[in-house]
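Dear colleague,

Please find the structure below, handed over for your use.

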Amino acid sequence: MTALPPPSKKKLGLVIDLDTCVGCHACAVSCKEWNAGGFAAPLTDERPYGEDPSGVWFNRVHSYELAPEPASGGCGGAPATAAQPAMTLHFPRSCLHCEQPACVTVCPTGASFKRAEDGIVLVDEDKCIGCKLCSWACPYGAREYSAVEGVMKKCTLCIDRIYNENLSEAERQPACVQACPTRARHFGDLGDPESAVSKLVAERGGVDLMAQLGYQPTNKYLPPRPRRAEETRAPAPPQETLDPQALPTVLRWLDKVLSR
């Protein structure tokens, strides 16, 4: 089985804001477009225009309808919680580049590995035998099997972009981050407490996905902010009424003409 390197000081990863994600799938499409010719290429599709299409996608976006929650009174001195209306939650899912990735430790050939220099988890397709042990071990469903090539594939954090010195500094970020229209995705070093992404996680209470499993994912999710129920919103301001007789003569005439 594959051994893990010592914990790296640098931990590159994503911070995904569930409050601003609108489920547009721009991240998934841009990821597919870039990686179809990048480090993990090709990302093959089978029967893309048939009745049962399938293919390799490193990013997938799931949408959930959350039921409304009634207000509850605090007990034991706890503050009361306001009523929460029903809402749609869009949940992007990709590899979380865990600190303790089970997908790596179960790999019998060393094809799945974690980089010591930045913590990114990758697949060496020349060593992969397509046994799918990594996909069974990953609790996040982030591994993708290419039936055409017979190997496993996954998110690479676009290493061929983030380290590409031929690109401008602003473009050296994953394709999904570059394409997000609502800036719901952020990229940086989560091992540096002074980085912009680390500060964002601290300010917004970013969380690990299924932290109880102990895999220590590098990627973080920012929870959606509470919504106000309709009845708790401030009343709308009264509408202004217009007295036609108070208008100048020209405007009274114009109002009369347009009202016919």
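**Salt bridges**

Glu-194 and Lys-199 are joined through their side chains in a salt bridge, at 3.8 Å from N to O. Glu-194 is exposed, at a relative accessible area of 57%, while Lys-199 is partly exposed, at 40%. Please note that the model is a predicted one.

In total, 13 salt bridges are counted. Another of them pairs Lys-220 with Asp-208, whose closest N and O atoms are 2.4 Å apart. This pair links distant parts of the chain, since Lys-220 belongs to strand β11 and Asp-208 to the loop between α6 and β11, twelve residues apart. Lys-220 counts as buried because its relative accessibility is 17%, under the 20% limit. Asp-208, at 28%, counts as partly exposed.

Glu-149 and Lys-153 also form a salt bridge, with 3.2 Å between the closest N and O atoms. Here Lys-153 is buried, with a relative accessible area of 1%, whereas Glu-149 is partly exposed, with 31%.

**Helix α6**

Helix α6 covers residues 196–204, and its buried residues are Val-197, Ser-198, Leu-200, Val-201 and Arg-204. These residues lie on the same side of α6 because they cover an arc of only 160° around the axis. Ala-196, Ala-202 and Glu-203 are exposed on the other side of α6.

What do the buried residues of α6 pack against? They pack against β1 (12–17), β10 (185–189) and β11. After α6 comes Gly-205, which has a positive phi, near 70°.

**Aromatic rings**

One aromatic pair was found in a search of the whole structure. Phe-91 and Tyr-221 form this pair, with 4.8 Å from centre to centre and 15° between the planes, and the pair is stacked. It links distant parts of the chain: Phe-91 is in strand β5 (residues 87–93) and Tyr-221 in strand β11 (residues 220–222), 130 residues apart. Both Phe-91 and Tyr-221 are buried.

Lys-32 has its charged end over the ring of Trp-57, at 4.7 Å from the ring centre. The charged end of Lys-132 sits over the ring of Tyr-145, at 4.3 Å from the centre of that ring.

With kind regards

Key
Residues numbered from 1 in each chain as written. Predicted model: local features only at pLDDT ≥ 70, side-chain atom pairs only at ≥ 80, totals over all residues. Heavy atoms only, no water. Phe/Tyr/Trp six-rings, centres within 6.5 Å; stacked < 30°, edge-to-face > 60°. Helix = DSSP H or I, 4+ residues; strand = E, 2+ residues; numbered from the N terminus. Buried < 20%, exposed > 50% of the residue type's maximum accessible area, 1.4 Å probe, protein only. Lys NZ or Arg CZ within 6 Å of the ring centre and 35° of its normal. Arc of directions from axis to C-beta. Contact = heavy atoms within 4.5 Å. Salt bridge = Lys/Arg side-chain N within 4 Å of Asp/Glu carboxyl O.
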